[in-house]
Amino acid sequence: MILYSTQQKSSDVSFEEAIFRGLPPDNGLYMPTEIQRMPAAFFEQIHTLTLPEIAEAVCQNLLGHDLSPAEIKSIITSSMTFEAPLFDLEPGVQVLELFHGPSMAFKDFGARFMAAVMSHYLQKHQREIRILVATSGDTGGAVAQGFFQTPGISVTILYPSGKVSDIQEKQLTTLGGNVQALEIDGTFDDCQRLVKQAFLDEELRGQFNLASANSINIARLIPQSFYYFAAYAALRKQGNQKPVVFSVPSGNFGNLSAGLMAYQMGLPVQAFIAACNENHPVPDYLASGIYEPSPSVETISNAMDVGSPSNFVRMQILAGAEWSKVASLVKGYATDDDKTKEVMADVFARTGYIMCPHTAVGYDGLMQYQAENSGDYVGVVLSTAHYAKFLPTVEAVLGQRVPVPQRLADLLDLQKKSVRLGTDFEGFKAYLLA
Ligand SMILES: *Cc1c(COP(=O)(O)O)cnc(C)c1O
């Protein structure tokens, strides 16, 4: 895979260079120069393939020049260790459950795969890197779990003390080994500033191979395309031949961009729904052709509180670049907190199924699409996180206690191990050098 920068001001790079750089020097985004369609035979047999088999075939198509079939197999075997099953919710609505990984959110797919490919290249060149990440909650858990025990990589995660949920904190602080958690007596912005400053510090750069695990890394997007194919395969396996509409709860639009990559590889899709909360610059753009990012607004689906989505340009290019093309393939809908809660309560009352707030926004996006579009199609709502990750909100909305999966309950019992630091750079630097 050869990648160019969307800013067009820096040169093309290999896949390996793109994943270790994360961002091009001109601050654009890396995009594949070409995305080939999957062979017809793949779609003919797709209903017989497992998720890892689909992942291998897609990787072969995208990365066949970068990695040998055996290397691809080993990367997939070590990273795609959980399922993405479809749940048959009600007639015409299936839920694609993306929360069966270690941090119980879809970001596990990206983090695990990125860890596996990075580790592959590091072992090949006998190099080591130290990853620094600042997290406000969700991303850190996926990165911590994804990179845990990965050869060649140590991870330092900074999080704001007292400002992440119990579950999130335990996901960051109970692993140990190559994952260190720093509890900063400050805000998320302080954490981010410390990380940025470390990347600019000559002494630290001389001492370590510092790297980031940025959410816009192309290695996080690729594995997120696998489960769109897997959902299609599961529908075909059920004998369902209807056209498919994917509803994607969106914030930075990485997940939706990955769906569009699958579309570019030939996956038949009737439409993608950009399901947003009260942060809706993309639905506004899809309706008007005018893109106006804005400051973010806090909502109960907080992993989608993004006013200026970092993957917007990628989404636009992958959906056809011109507004008319983008808007004919991607339909945008917004759902506010009141409606989100109503949907969570209503779905639970009718079906017994519990949705996290993000998933409920996706469900409501599909309902809005259905109200405007008749016809025979199947809607697939991407469930981006397990409801138990948002326990206080979910229990308040449903007005009752809800079951917590054993895995999360066990996690809450583990002892937290973190190092507490202030917000001054010198203290942080001394910690890293020690
Ligand atoms: C990150 C996240 C999203 C948003 O995904 P994007 O790829 O940023 O659009 C939605 N739901 C959950 C639970 C998330 O963690």
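**Figure 1. Salt bridge between Glu17 and Arg21 in the predicted model.** Glu17 pairs with Arg21 in a salt bridge whose closest N and O atoms are 3.0 Å apart; the model shown here and in the other views is predicted. Both residues belong to helix 1 (residues 15-21), where they are four residues apart, about one turn of the helix. Glu17 is partly exposed, at a relative accessible area of 35%, and Arg21 is likewise partly exposed, at 42%.

**Figure 2. Salt bridge between Lys339 and Asp364****.** The closest N and O atoms of Lys339 and Asp364 are 3.1 Å apart. Lys339 is in helix 15 and Asp364 in helix 16 (residues 357-372), so this pair ties together parts that are 25 residues apart in sequence. Lys339 is partly exposed, with a relative accessible area of 31%, whereas Asp364 has 3% and counts as buried.

**Figure 3. Salt bridge between Glu322 and Lys325****.** The side chains meet at 3.7 Å, N to O. Glu322 is partly exposed, with 46% relative accessible area; Lys325 is also partly exposed, with 44%.

**Figure 4. Network of salt bridges****.** Glu169, Glu183, Asp185, Lys416 and Arg420 are the linked residues. The count of salt bridges in the model comes to 15.

**Figure 5. Packing of helix 12****.** Helix 12 spans residues 281-288, and its buried residues are Pro281, Val282, Pro283, Tyr285 and Leu286. These buried residues pack against strand 11 (271-276), helix 13 (312-318), helix 14 (323-329) and strand 12 (330-334). Gly289 follows the helix and has a positive phi, near 85 degrees.

Figure 6. Phe312 is buried, with a relative accessible area of 5%. Apart from neighbours within four places in sequence, Phe312 contacts Val282, Tyr285 and Tyr291. Val282 and Tyr285 are among the buried residues of helix 12. The C-alpha atom of Phe312 is separated by 18 Å from that of Thr33, which is 279 residues apart along the chain.

Figure 7. Residues up to four places away in sequence aside, Gln168 touches Ser136, Gly137 and Asp138.

**Figure 8. Negative surface patch****.** The patch is formed by Glu278, Asp336, Asp338 and Glu342. Asp338 is found in helix 15 (residues 337-351) and counts as exposed, at 57% relative accessibility.

Technical notes:
Residues numbered from 1 in each chain as written. Predicted model: local features only at pLDDT ≥ 70, side-chain atom pairs only at ≥ 80, totals over all residues. Heavy atoms only, no water. Buried < 20%, exposed > 50% of the residue type's maximum accessible area, 1.4 Å probe, protein only. Helix = DSSP H or I, 4+ residues; strand = E, 2+ residues; numbered from the N terminus. Contact = heavy atoms within 4.5 Å. Patch = residues over 30% accessible without salt bridge, like charges linked within 9 Å, V, L, I, M, F, W, Y side chains within 5 Å. Areas by Shrake-Rupley, 256 points an atom, 1.4 Å probe, with all protein chains shown as cover. Salt bridge = Lys/Arg side-chain N within 4 Å of Asp/Glu carboxyl O. Lys, Arg positive; Asp, Glu negative; His and termini not counted. Charge placed at Lys NZ, Arg CZ, Asp CG, Glu CD.
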